[in-house]
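Good morning, everyone. Please look at the screen while I talk.

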Amino acid sequence: MNINFPIEKTIKKRYSVRNYKEQAIESDKQKAIESFIDSLENPFGPHIAFHTLDLKSGPTAQKLGTYGLIKGASRYIGATITLEPMALEALGYEFEALVLYLADLGLGTCWLGGTFNRQSFSNAMKIEAGKIFPIITPYGYAADHKHFK
Ligand SMILES: Cc1cc2nc3c(=O)[nH]c(=O)nc-3n(C[C@H](O)[C@H](O)[C@H](O)COP(=O)(O)O)c2cc1C
């Protein structure tokens with residue numbers, strides 16, 4: 001994993017984004033995100049699997065539940081683990097590296113561990129039975145305004 005952005009500055013700049021613009025992510029950025037995900041690693045050992053989802057691609061564009069908290073997002077990333085010591089720490093480490101990388105690209109994110117429909121995301125991301133699926137984030141360009149919720 002190659003962190004070639006100013007990490008402290010990015011931490012200070014980042015905020016949770018729950019309201020997204022329609023604006024598509026450029027294909028070179030999307031490719032860079034996918035290779036960053038492939039390069040993720042952690043000092044704890046456990047393997048973290050990442051699952052990306054584009055609600056606009058595929059034969060049936062879908063709408064998945066985030067209980068009205070996330071608006072306008074069409075891309076999501078989820079992470080899964082198997083139950084083993086330090087797996088959640090490993091997940092936290094890699095997921096935070098990823099949201100900071102996305103922030104450096106000018107993209108918003110919001111950790112969602114509770115307010116999403118785990119079953120529908122699990123189906124859409126084709127997550128294997130028996131995997132633990134603690135977290136997802138939407139990602140994309142932030143809308144200018146925050147919504148009331
Ligand atoms: C492990 C974890 C789980 C979270 N789960 C949710 C969630 O289910 N729904 C949500 O709206 N925000 C969730 N958040 C986002 C926090 O509420 C967010 O960090 C908080 O709004 C602080 O905002 P900031 O990131 O702009 O400082 C989660 C954050 C973390 C670290």
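I will cover the ligand, then the sheet. One caution before that: this is a predicted model.

Start with the ligand. Which residues surround the ligand? From one stretch come Arg14, Tyr15, Ser16 and Arg18. Then there is the run Cys110, Trp111, Leu112, Gly113, Gly114 and Thr115.

Take Arg18. One of its polar side-chain atoms sits 3.0 Å from an oxygen atom of the ligand. Gly114 uses its backbone instead: an N or O atom there lies 2.7 Å from a ligand oxygen. Thr115 faces a ligand nitrogen. An N or O atom in the Thr115 side chain is 2.7 Å from that nitrogen. How much of the ligand does the protein cover? On its own, the ligand has 630 Å² of accessible area, and the protein covers 52% of this.

In what order do the strands run? The order is 1-2-4-3, in an open sheet of four strands with antiparallel pairing. Strand 1, residues 49–54, is an edge strand. So is strand 3, residues 108–109. Each of these two pairs on one side only.

Strand 2 covers residues 75–81, and strand 4 covers residues 132–140. Six bridges join them, in the antiparallel sense.

Key. Residues numbered from 1 in each chain as written. Predicted model: local features only at pLDDT ≥ 70, side-chain atom pairs only at ≥ 80, totals over all residues. Heavy atoms only, no water. Near = heavy atom within 4 Å. Polar contact = N/O pair within 3.5 Å; in protein donor to acceptor, adjacent residues only side chain to side chain. Areas by Shrake-Rupley, 256 points an atom, 1.4 Å probe, with all protein chains shown as cover. Pairing = 2+ DSSP bridges.
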